[in-house]
Amino acid sequence: MQISKTQLSGWFKKLSKALTASLLVLLLTPIVEASDRYPTEREMQQLRSELSRKIQELRSGEFSNYLDDYRTEEEKQQHQLLVNAWSKVNPSIAPFLGMWSGYEQSLAIYPSSIQGQVCIIEISEVGFSHLATGIVVNNEEIRTSDRRFILRNGTYLGSIGVYGDRAFLEGEIPWKTPYPLFVPSPSTLRNEEVESEEQIKQALQQFEEAHCSASLPIRRS
């Protein structure tokens, strides 16, 4: 299941080819302080509908290629192997697992041996962004430790957060087509803009404490 840094870099190059600079203006999120609350159920209902609408617009419009699947057959098989194995021991998290590709960033969702729990690592073009843990709710969404919800809509994911006391669907392009997971380490979580390694060390410790991994579950006899 180990994914090399060369493969990781290749994914970002493929994504860059699929997207144009003109779309960048659509991806701007209001620059305000993150809230200390989760979205309300009413906000969630509205933004679930918005995510569905945006996916349909992309699929039927001139930007439909943004949702294309760039994975190789081997990558698809490796990812499905992970999902199938975890679905037998922690079924609610299985549909979320993998490294979901997006515009200039990826969202890696790892399995945990704790029922219903996952670890979430965000990776931008410059490297590691941050890590959060999450609990799968109703088999449809993840309630994260950084006060967001990650929604699953078929083979796509969207993220809802609250900023300036208003809930937003973050970005205009959903995450899509999950790749196999890489094994997190100081080298794979490198960030060109982080001067100190302390943040990465803390993230790896949190990852271990949440009993997360990139491996297949251990079979018990």
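Here is a short tour of this predicted model, one selection at a time.

Before you click, note that numbering starts from 1 along each chain as its sequence is written, and that side-chain values use heavy atoms, with hydrogens and water left out. Local features need pLDDT of at least 70 and side-chain atom pairs count only at pLDDT 80 or more, while totals for chains, interfaces and linings use all residues.

**Stop 1**

Select Leu97, Leu107, Ile109, Tyr110, Ile121, Ile142 and Leu157. Out of 36 residues in the largest nonpolar core, these touch the most other members. A nonpolar core here is a set of buried Ala, Val, Leu, Ile, Met, Phe, Trp, Tyr and Cys residues joined through side-chain atoms within 4.5 Å. Buried means under 20% relative accessible area, exposed means over 50%, and partly exposed lies in between (1.4 Å probe, protein chains only).

Now colour the helices and strands, which are DSSP runs numbered from the N terminus (helices: H or I, at least four residues; strands: E, at least two). Among those supplying at least two core residues each are helix 3 (73-87), strand 2 (105-111) and helix 4 (198-209). Strand 3 gives the largest share, five residues.

Next, zoom in on Leu107. Leaving out residues up to four places away in sequence, Leu107 touches several others, including Met99, Trp100, Ile121, Leu157 and Trp175; a contact means heavy atoms within 4.5 Å.

Then look for a second, separate core of 15 residues, with Met44, Leu47, Ile55 and Leu67 among them.

**Stop 2**

Select strand 4 and strand 5 (residues 141-144): they pair in the antiparallel sense over four bridges. (Two strands pair if DSSP finds at least two bridges between them.) Val137 has Glu141 of strand 5 as its bridge partner. Three residues sit between the strands of this hairpin, and Asn138 takes a positive phi near 55°.

Move along to strand 6 (residues 149-153), which pairs with strand 5, again antiparallel, over three bridges. Arg143 has Phe149 of strand 6 as its bridge partner. This hairpin has four residues between the strands, with Arg147 at a positive phi near 65°.

**Stop 3: helix 3**

How many residues does helix 3 have? It has 15, and reaches 21 Å from first C-alpha to last, close to the 21 Å expected at 1.5 Å a residue (1.5 Å times one less than its number of residues). Show Glu75, His79, Leu82, Val83, Ala85 and Trp86: these are buried.

Finish on Asn84, also in helix 3. Is Asn84 buried or partly exposed? Asn84 is partly exposed, at 38% relative accessible area. Ala94 is 10 residues away in sequence and 7.4 Å away in space, C-alpha to C-alpha.
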